[in-house]
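Please read them with the coordinates open.

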Amino acid sequence: MGHTRLTYDRFIEWREKHISQKNIVLILSLLVGILSAVAAIILKELIHLIKYLIANQLAEGHSHIWFLLGPMIGIALASLFVHYVVRDDISHGITKILYAISQRKSIIKLHNTWSSVVGSALTIGFGGSVGAEAPIVLTGAAIGSNMAKLLRLDQKTMMLMIGCGAAGAIGGIFQAPIAGLVFTLEVLMMDLTMTSVAPLLISSVTASAISFIYTHQTSMFSLMQVESFSLVRTPYYIILGILCGLVSLYFTRGMNRLEGLFKKHVRSIGVKILIGGSVLGLLIYLFPPLYGEGYDVITDLINGNASSTIEASPFAYLGTASWVLVGYLLLVLFFKIVASVATNGGGGVGGIFAPSLFMGAIVGFIVARILSLIGLNVPESNFVLAGMSGLMAGVMHAPLTGIFLIAELTGGYHLFMPLMIVSVVSYLTILLFEPHSLYAMRLAQKGELLTHNKDRSVLTLMHLDQVLETDLIELQPQMKLGELVKVIANSHRNIFPVVDHRKHLKGILLLDEIRNIMFQQRLYNRFTVEDLMTSPPALLSADMPMEKVMEVFEDTGAWNLPVVDEKKKYLGMVSKSKIFNSYRDVLVRLSDE
C-alpha cells in the first residue's frame, strides 16, 4: 500500500513537471470522451439485451401480461440494487451534477461512474417509462470529476471535466457532438470561453465518433420524407411553439408536484415498488406507447405510421380514424408524466430527456393532424420534429440544445427555421410562468443553483461557514459596566454578542453606543450589559444561502450580523467586509483569466 502510494505521488510530481496544465486538460478531455462513449454504448447494449431477452424468451405470447408485470420487476430490481448495493440516491442525474458544481466543489462520488448505468438499464430494459440520457450524463460527469480528482487538479478544472463528461455522454448516446457542447453550456450553465470550448468539443466529437464507429448509424431517427420550410406555415409553427411551452409547463410542474407527493406520502421501499410498479403496469397495459423510452413511437410518428400506436392497445377496436388517434394520443400525452413519476418514484432510475422528446413528438403530431383535419395542408413529420425541439427547449430551458439535438438526431438540418421558431417560442412561453428548468428548480428554491450571472454564481459557491467569525468576545447580560470596560480594553472589535448561560443570543452591544459613558466610573456599578445591549437589525440562520445573506445586509444597512441556529443559539458573527474578501477570492478562482 505504501509502495503504491509512493509511486502515485511520484507520478503526480512527474506530471506537474513535464505536462502543462493546458495539455493535461486536452489529454483528459480526450480520455473522458472515450470513456463516456464506452459507458453510453454499454448502457444502450444492456437495455437492448434485456429487451431482447424479454421479447424472445419471457414475454412470447404473453405481451399483455408482461406489460403489467415487467415494469414492476424492473423497478423492484433497480430499487433493490440502489438500496442494498449503491446505498445512495442516484436519481435526478442532471440535478446532482448542478449540485456538485454549485455546492460540492465539483466532486461527484466514484460509484456514479457505473451505478446509474446498471440502475437505468434494469429500469428501462424492463419497460420503465423514462430515458437513459440523464443517467449516462451523470456517468460521464462522474468520470470527468473523478479523473480530475485523481490527478489532483483544481476545482475550476474539475468543473470543466464534468462538462467534458456531460458533453461526451450526450455525443455518445445521441451521436450529436454539437448538441453535447450546447447542452453543457445551456443546461449545466458553464461559461463559454476559449479555454473551455476546445476540451468540450474534443470530448463531444470523440464520443460521437466512437459511437458512430460502433453502431454504423448516421442518425438516430431515419426520415422517409421531410418537406422544406415554407414561410406561409410560420403562424402554425408559432402556434405549435406556444402549445409546446404550455405542455412544458405541465410537464415541469406536474412532474415536480407528483414527485413531491410520492416522496411525502410513500416512505416504505416495498410500498413504493408496489404502487409505482402497479400504476406503471396499468398505464402501459392501457397505453402501450408508454412502454420504455418511446423512441419506436417517435419513429412511427415521424414516418407516418401513427396508427401503430393504438393497434396494440385495448382501444384498438375504436379503429384508427384521425380523431380517434388524436384523442388516444392526448391521453398518452397526459399520462406520460404519471408513468415517468411512477417509474422513478417506485425506485427506478431514469431521466426526462426521452419523455420530453416523446411528448414533443406527440404534441407536434396532434397539432399537424388537427390542422390537416380542418383543411390546412401541413407536413406531419416536420411538426413532429419541431414539437420534439420545442418540448426540449421548454422543459430544459435550452432552446439551442433543442434545435441542434433534433437536427443532429434526424439529419434534418434543412429544418433549422421551424426548429428555431418552435424552440424559441416554446422557451419564451414557459419563461412567463417558470424561471427555471425542471433540473434547476429544486436547487433554485434552496439558493444552491449556479447560473450564468457571475455575481450569483460567486455567491452560490460561497457558504456562510466560510465567512463566520467565532473569535468575538461573548458577554453575559448581568455583567457590570466596569467589567465591560476591562473586556473592551482587551478586544480589537467594536461589537460584542450578548448570550445567556445556554449560549442563546440575547442581543448585541456596540462600542459606539456606550462610548459616552464608558469612562464615567460612577456608573460602573449602575449599568449592566443587559441595560446597554440592543437587538440586532436581523438574524442570519446557519443554513441561509449567501445570496439571501447579502439581501439581508442590503435591507438592514448593517455591517455586522449574528448567526444563530434554529433554537436561536449563537454561532458567530458575519461582517460585510469578510464577505467582500471571500467574494473576491472566489471570483478569482472562478475566472478563466
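1. H10 passes H18 in a right-handed crossing. The model is predicted, so please read every point below with that in mind. H10 covers residues 234–265 and H18 covers residues 416–431; their axes lie 7 Å apart, at an angle of about 45°.

2. Which residues of H10 and H18 make the contact? On H10 they are Thr234, Tyr237, Ile238, Leu240, Gly241, Ile242, Cys244, Gly245, Leu246, Ser248, Leu249 and Thr252. H18 answers with Pro418, Ile421, Val422, Val425, Ser426, Thr429 and Ile430. By class, this contact has twelve nonpolar and seven polar residues, and no charged ones.

3. H14 (residues 322–345) packs on H15 with the axes 10 Å apart and an angle of about 160°. Angles over 145 degrees count as roughly antiparallel, and H14 and H15 are therefore placed in that class. The crossing of H14 past H15 is left-handed.

4. From H14, the residues that meet H15 are Ser322, Trp323, Leu325, Val326, Leu329, Leu330, Val332, Leu333, Lys336, Ile337 and Ser340. Their partners in H15 are Pro355, Phe358, Met359, Ile362, Val363, Phe365, Ile366, Arg369, Ile370 and Leu373. The class count for this contact is 17 nonpolar, two polar and two charged.

5. H15 (residues 353–373) also packs with H12: their axes come within 10 Å and cross at roughly 25°. Under 35 degrees counts as roughly parallel, and H12 and H15 are therefore described that way. H12 passes H15 in a left-handed crossing.

6. What does each helix bring to the contact of H12 with H15? H12 supplies Tyr295, Val297, Ile298 and Leu301. H15 supplies Ala354, Leu357, Phe358, Ala361, Ile362 and Phe365. The ten residues are nonpolar, with no polar and no charged ones. Phe358, Ile362 and Phe365 of H15 take part here, and Phe358, Ile362 and Phe365 also meet H14.

7. Turn now to the second largest pocket, with a volume of about 800 Å³. Its lining has 32 residues, and those closest to the centre are His48, Lys51, Glu293, Tyr295 and Asp296. Tyr295 is also one of the H12 residues in the contact with H15.

8. Which helices each supply at least two residues of this pocket lining? They are H2 (21–58), H7 (155–174), H9 (194–215), H12 (295–302) and H13 (308–311). The largest share, six residues, comes from H2. By class, the lining of the second largest pocket divides into 15 nonpolar, ten polar and seven charged residues.

9. How many cavities of 30 Å³ or more does the structure hold? There are two. The second largest cavity contains about 30 Å³ of space. Its lining is made up of Ile90, Ser91, His92, Gly93, Ser116, Ala134, Pro135, Leu138, Val349 and Gly350.

10. Helix H6 (residues 133–150) gives the largest share of that cavity lining, three residues. The lining of the second largest cavity has five nonpolar and five polar residues, and no charged ones. The lining of the second largest pocket, in contrast, includes seven charged residues.

Note on methods. Residues are numbered from 1 along each chain as its sequence is written. This is a predicted model: local features need pLDDT of at least 70, side-chain atom pairs count only at pLDDT 80 or more; totals for chains, interfaces and linings use all residues. Side-chain values use heavy atoms; hydrogens and water are left out. On a 1 Å grid over the protein atoms alone, a cavity is a set of points where a 1.4 Å probe fits but cannot get out, and a pocket is an open set with protein on both sides within 12 Å along at least five of seven lines; lining residues have an atom within 4 Å of a point. Grid points are joined across faces, edges and corners, and a volume is the space filled by probe spheres set on the points. Helices (H or I, at least four residues) and strands (E, at least two) are DSSP runs, numbered from the N terminus. Ala, Val, Leu, Ile, Met, Phe, Trp, Tyr, Cys and Pro count as nonpolar, Asp, Glu, Lys and Arg as charged, and the others, Gly among them, as polar. Axes are lines fitted to C-alpha atoms, for helices over the stretch in contact, and angles run from 0 to 180 degrees between N-to-C directions. Angles under 35 degrees count as roughly parallel, over 145 as roughly antiparallel, 65 to 115 as roughly perpendicular and the rest as oblique. A crossing is left-handed if the near helix is turned anticlockwise from the far one by less than a right angle, and right-handed if clockwise. Contact means heavy atoms within 4.5 Å.
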